[in-house]
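Reader: I have a model open and would like to talk it through with you. Could you start with the sheet once it is on the screen?

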Amino acid sequence: MRRLGVESLRRMDEVALVSEHLPGLRDRTSHAVNLAVWGDHGPVVVRWEYGAHALPITVRVGATMPLLNSAMGGAFLAHLSEQLTEPVLRGQLETETLDAVTRDRVDRIKDEVLREGMATTVGGVIPGVTSLAAPVFTAGESFPLVVTLVMPARGVTEQDVARLTAELLSSTRAVSEALGHPTDLHRP
């Protein structure tokens with residue numbers, strides 16, 4: 001019980017440290033930013049900073065997001081073991097086993113996230129919303145945290161996505177480094 005309590009306090013410190021960086025990322029990008037942790041049923045939003053752009057979405061802190069259709073879910077899929085993600089994915093899909101099509105989709109998501117260093121969805125959870133998500137790693141063996149930029153898809157150009165991607169990756173690498181993780185280990 002004592003070790004569980006110490007681990008819980010350490011995770012709270014990680015969330016607090018990453019949360020301190022969210023307003024700066026929001027201000028540099030002008031878009032909404034959220035932070036997610038891994039929960040019993042998948043990615044859970046623990047912080048939300050609203051941006052300057054109106055979104056057709058209301059996501060509350062405490063909401064659990066889908067693994068397959070959200071950028072944050074994709075980031076977790078790529079960086080957590082199947083032992084953790086598969087039972088959650090089966091629960092979200094309400095199936096006993098994952099079929100070949102779903103397994104292929106999961107593999108494609110993982111490959112893309114590991115190659116690019118982040119996950120992207122356009123209209124994944126909510127039509128008209130683009131999301132970019134990148135992991136924040138710690139010095140220990142705890143699960144990564146995931147920071148997501150959320151923006152209206154309308155009016156976002158490829159150049160905007162490239163600029164926002166660079167800003168998100170720069171921010172998550174800096175925070176990972178501040179948490180003691182060697183940043184060169186998760187560069188694409």
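Reader: What is the order of the strands in the open sheet, and how are they paired?

Author: In this predicted model, the open sheet has five strands in the order β2-β1-β5-β4-β3, and the pairing is antiparallel. Strands here are DSSP runs of E with at least two residues, helices are runs of H or I with at least four residues, and both are numbered from the N terminus; two strands pair if DSSP finds at least two bridges between them.

Reader: And which strands stand at the edges?

Author: Those are β2 (42-49) and β3 (119-122), and because each has a single partner strand, one side of each is left without a neighbour in the sheet. From one strand to the next, the twist averages 25°.

Reader: How many bridges join β3 to β4?

Author: Four bridges join β3 to β4, which covers residues 129-136, and the two strands run antiparallel. Within that pairing, V122 stands opposite T130 in β4.

Reader: Which helix packs on the sheet?

Author: Helix α5 (residues 158-178) does, touching β4 and β5 (145-152), and its direction makes about 25° with that of β4. Contact means heavy atoms within 4.5 Å, while axes are lines fitted to C-alpha atoms, for helices over the stretch in contact, with angles running from 0 to 180 degrees between N-to-C directions.

Reader: Stepping back, in what order do the elements run from the N terminus?

Author: The elements run α-β-β-α-α-α-β-β-β-α, and the secondary structure comes to five helices and five strands.

Reader: What share of the residues is buried?

Author: Of the 188 residues in the protein, 46% are buried, where buried means under 20% relative accessible area, exposed means over 50%, and partly exposed lies in between (1.4 Å probe, protein chains only). Turning to contacts between residues at least 6 apart in sequence, 57% join residues at least 24 apart.

Reader: Now the helices: how do the axes of α3 and α4 cross?

Author: The axes of α3 (residues 82-93) and α4 (residues 100-116) come within 13 Å and cross at roughly 130°. That makes α3 oblique to α4, because angles under 35 degrees count as roughly parallel, over 145 as roughly antiparallel, 65 to 115 as roughly perpendicular and the rest as oblique.

Reader: Which residues meet there?

Author: E82, E86, L89 and L93 in α3 meet T102, R103, V106 and K110 in α4.

Reader: Is T102 buried or exposed, and what is it in contact with?

Author: T102 is buried, with a relative accessible area of 13%. Leaving aside its neighbours within four places in sequence, T102 is in contact with L68, L89 and L93.

Reader: Where is E94, and what is its phi?

Author: E94 is in the loop between α3 and α4, and its phi is near 55°, a positive value in a residue other than glycine. Most residues other than glycine have a negative phi. At 73% relative accessibility, E94 counts as exposed.

Reader: What about S30?

Author: The phi of S30 is near 70°, again a positive value in a residue other than glycine. S30 is found in the loop between α1 (2-29) and β1 (32-39), and is partly exposed, with a relative accessible area of 27%.

Reader: Which conventions should I keep in mind?

Author: Residues are numbered from 1 along each chain as its sequence is written, and side-chain values use heavy atoms, with hydrogens and water left out. As this is a predicted model, local features need pLDDT of at least 70 and side-chain atom pairs count only at pLDDT 80 or more, whereas totals for chains, interfaces and linings use all residues.
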